[in-house]
Amino acid sequence: MDIVKVKRKFREQQLKHPTQAEEAMSDFLDSMKITYIRQFVLDNPYNSFYILDYYIPPQKGCYPICIELDGIHHLIDESQFHRDRLRDEYLDSLGVTTIRVSNVVILNVKYHKGLRKIIKKALRGEDYLQIKL
């Protein structure tokens with residue numbers, strides 16, 4: 001099977017079966033009236049591809065960002081953690097800021113105010129790392 005078919009099939013599977021966290025993030029971004037692409041396919045230089053959970057393309061006055069939803073395995077699996085760092089570095093080289101959001105954060109409304117601030121600052125190209133959830 002060629003790589004284009006693999007990408008298309010994988011993306012279709014991801015779109016058909018969103019997790020609870022993905023549904024919550026879609027609702028959250030919709031409430032912010034942000035244009036995004038869910039499960040955006042991006043080629044990478046390693047003869048492969050990345051599927052970004054949420055890609056917010058550059059728009060007038062806004063920088064591009066990627067929002068990745070991370071379950072617990074992103075924290076406890078060392079190889080997954082390493083792959084995430086490589087991916088983040090590659091996106092950064094393209095001028096795309098990656099925001100990693102724990103599933104716990106998007107599923108708990110008490111964190112939404114802080115998350116909203118983080119996303120708004122990232123879209124403006126500002127430092128958001130000091131914002132507390």
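User: Which residues of helix 6 are buried?

Analyst: In this predicted model, where local features need pLDDT of at least 70, side-chain atom pairs count only at pLDDT 80 or more and totals for chains, interfaces and linings use all residues, the buried residues of helix 6 are H112, G114, L115, I118, I119, A122 and L123. Residues are numbered from 1 along each chain as its sequence is written, and side-chain values use heavy atoms, with hydrogens and water left out. Helices (H or I, at least four residues) and strands (E, at least two) are DSSP runs, numbered from the N terminus.

User: Why is H112 called buried?

Analyst: Buried means under 20% relative accessible area, exposed means over 50%, and partly exposed lies in between, with a 1.4 Å probe and protein chains only. The relative accessible area of H112 is 16%, and therefore H112 is called buried. Not counting residues up to four places away in sequence, H112 touches F28, V105 and I106, where contact means heavy atoms within 4.5 Å.

User: How do you know that the span of helix 6 agrees with its number of residues?

Analyst: The expected span of a helix is 1.5 Å times one less than its number of residues. For the 12 residues of helix 6 (residues 112-123) this gives 16 Å, and because the end C-alpha atoms are 16 Å apart, the two values agree. Just after helix 6, G125 takes a positive phi of about 80°.

User: What do the buried residues of helix 6 pack against?

Analyst: They pack against helix 2 (20-31), strand 2 (48-56), strand 3 (65-70), strand 4 (97-102) and helix 5 (103-107). The axes of helix 2 and helix 6 come within 12 Å and cross at roughly 65°, axes being lines fitted to C-alpha atoms, for helices over the stretch in contact, with angles from 0 to 180 degrees between N-to-C directions. On the helix 2 side the contact is made by M25, F28, L29 and S31, and on the helix 6 side by H112, L115, R116 and I119.
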